[in-house]
Amino acid sequence: MSKLRFYGGNHMGNFILKGKTPVKKIVLSFFIVAVLELAAFYVLMPAMNIHSMEFWGFQGFFAVAFLALTFSFPSRDRLEVRYNIVSKIVGILIILAIVFVIAGNIISAKLFNAGRYASLMEIKETKFEDTIGQTDVITDVALMDTDSAKVVGQRAIGALSDVVSQYEISENYSQIALDGAPMKVASLEYAGFFKWFNNRKNGIPGYILVDAVDFEANYVKLEKPIKYTPSGWLNDNLERHLRLKYPTAIFEGYYFELDDEGKPYYICPTMTARVGLFGGFDVNGVIICDPCTGECTEYELGDIPTWVDRVYDGDLIETKYNWHGMLSDGFWNSIIGQKDCKKTTEDYGYKVIDNDVWIYTGVTSVIDDSSNIGFVMVNARTGEANYFNVAGAEEFSAMEAAEGQVQNLGYDAAFPSLINIDGRPTYFMVLKDKGNLVKQYALVDVKKYSIVATGTTQKDTLNTYRKLLKENGIAAEVGEEDLSKQYTHERITVKDIKYVNLTDGTFVYITDTKGNVYKQKFADDETLVFIQVNDIIDVYYEENQETGIRSMEEWNAERKNEVETTKEIETTKTEDR
């Protein structure tokens, strides 16, 4: 057995392989590197995909390690010369790989592929009122953000000692649509390694479901516990479970969702490069994993079940729109001149339409980003994108306007939702205290963000907002048909009228001949003064289940017009006298 010479450099490799023949050194080096690479793959879980830079870095590291173990200076010994040839081949392969990666990045660059990047999102221009239906009762908007959901969710398990002592709620709440309503859902997670070790046989018992409109949370206990989760260790880790099943998949994320029956699944979109080797990453499919059994099913984009809510993440949607908005007229135009260049604002919200979750964000010009020039809405499951022109305040200006109304209380505004009130584009948001608890609501007109209404209930805020629109002469006329859709209608005979002074103003109380009581704030409609006992009027009201007193929103429009006209005539006569 020939003795290995100890050359300068590579001391560790020579120490490990000392006393081995060249052939044995090659075999042993390969074995050592292979074992280390398999161990690293299990721990780091990189995607073994040529479109992933992570793959090239991972493989490159171990190729260099193999080269370091096998490197040898030239020798007259024939076997040593062959051994050195192996080192040279590995070195050449490493150089070729580096060249390949550099070339791949160049051919994927926006400089050469501006049109391909811009075409990754197909956008249909629509009208605002056709895209977002008119809102009377706000039930389709996810008002609660993740920070508030965490606070409410924690309360739901606070009294469950067996749960709260062993598990914690995941930080990653998913926005879903359940029976047409916006909800946030999060799984319980193991609170560290030892909690996993002690509870791994029992698994995770349930999840938290938060109503994003009513701000209520419920803990849902599962019949079969969750085994595969991001907080699990070893083979119980969800990401590792998926990586071992799909070693080449490039995962965009792991989203906890519910099907129509409330059964939990992880939705895992997969990605691929659409431009060159490393450019224009976009979703190319979805893997749905049952965390209770570990069973996984792969779907192409056109076959994804309709109960799935998020395939396209909001950050990805913003990235794709920015490619479209910036690169449609070429790469150099996006750098110099920037004619017709557009980009999204820095955040996004959620809205439920036809039991689908839609992600929306404002669009602003790159030259002047103090206001929006429109909005883009994208279906988070299908990727369908709609754009409509609505010029006005951008979202953060509206948030500042709302916070200014309650600056004495120190409330912070959450990112707003875009709604349609009487055909008027309007921002709707919640105002939170320092503990992330929702305290008030705010409505801000998009086109004229000095119009701001706040209130402790949605109804009061909406009424105040409509009053402000009227005062500014921009309110739409509301007909009897629309009133009947919004409120309960009844024709009554007036038996009694009283004016009561309360801390927040004067209220008019009307009693009809059937004993029903209606009330309305006098300042909201001063024509109430013309209602007399025995008058027959049409009223539009909302029932108060607690007090039984009906909150009157409107009364006979025709009579109001008549009495207002009479008032003008009498005023004219008085002036003539």
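The legends below describe close-up views of a predicted model.

Local features are reported at pLDDT of at least 70 and side-chain atom pairs only at pLDDT 80 or more, while totals for chains, interfaces and linings use all residues. Residues are numbered from 1 along each chain as its sequence is written, and side-chain values use heavy atoms, with hydrogens and water left out.

View 1. R243 belongs to helix α10, residues 238–245 (helices are DSSP runs of H or I of at least four residues, and strands are runs of E of at least two, numbered from the N terminus). R243 is buried and has no salt bridge, and the nearest side chain of opposite charge, E54, is 5.6 Å away. Buried means under 20% relative accessible area, exposed over 50%, and partly exposed in between, with a 1.4 Å probe and protein chains only. A salt bridge requires a side-chain nitrogen of Lys or Arg within 4 Å of a carboxyl oxygen of Asp or Glu. The side chain of R243 reaches the backbone oxygen of A249 at 2.7 Å, and a polar atom of the R243 side chain lies 3.4 Å from the backbone oxygen of P46.

**View 2. A nonpolar surface patch.** The patch consists of I98, I102, I106, I107, L111, F112, W332, I335 and I336, with about 960 Å² of accessible area together. Such patches join nonpolar side chains (Val, Leu, Ile, Met, Phe, Trp, Tyr) within 5 Å, or like charges within 9 Å, from residues with over 30% relative accessible area and no salt bridge; accessible areas follow the Shrake-Rupley method with a 1.4 Å probe, and for residues only the protein chains shown count as cover. Two or more residues each come from α4 (78–107), α5 (110–118) and α12 (331–335). The largest share, four residues, is from α4. I336 is in the loop between α12 and β12 (342–344) and is exposed at 60% relative accessibility.

**View 3. The salt bridge between D356 and R381.** The closest N and O atoms of D356 and R381 are 3.1 Å apart. D356 lies in strand β14 (residues 356–365) and R381 in the loop between β16 (374–379) and β17 (385–388), so the pair ties together parts that are 25 residues apart in sequence. D356 is buried at 12% relative accessible area, and R381 is buried at 15%.

**View 4. The salt bridge between D412 and K434.** The side chains of D412 and K434 meet at 3.4 Å, N to O. D412 is in strand β19 (residues 412–413) and K434 in the loop between β21 (424–432) and β22 (438–445), 22 residues apart. D412 is partly exposed at 34% relative accessibility, whereas K434 is exposed at 66%.

Notes:
Lys and Arg count as positive and Asp and Glu as negative; His and the chain ends are not counted. A polar contact is a pair of N or O atoms within 3.5 Å; within protein, one must be able to donate a hydrogen and the other to accept it, and residues adjacent in sequence count only if both atoms are side-chain atoms.
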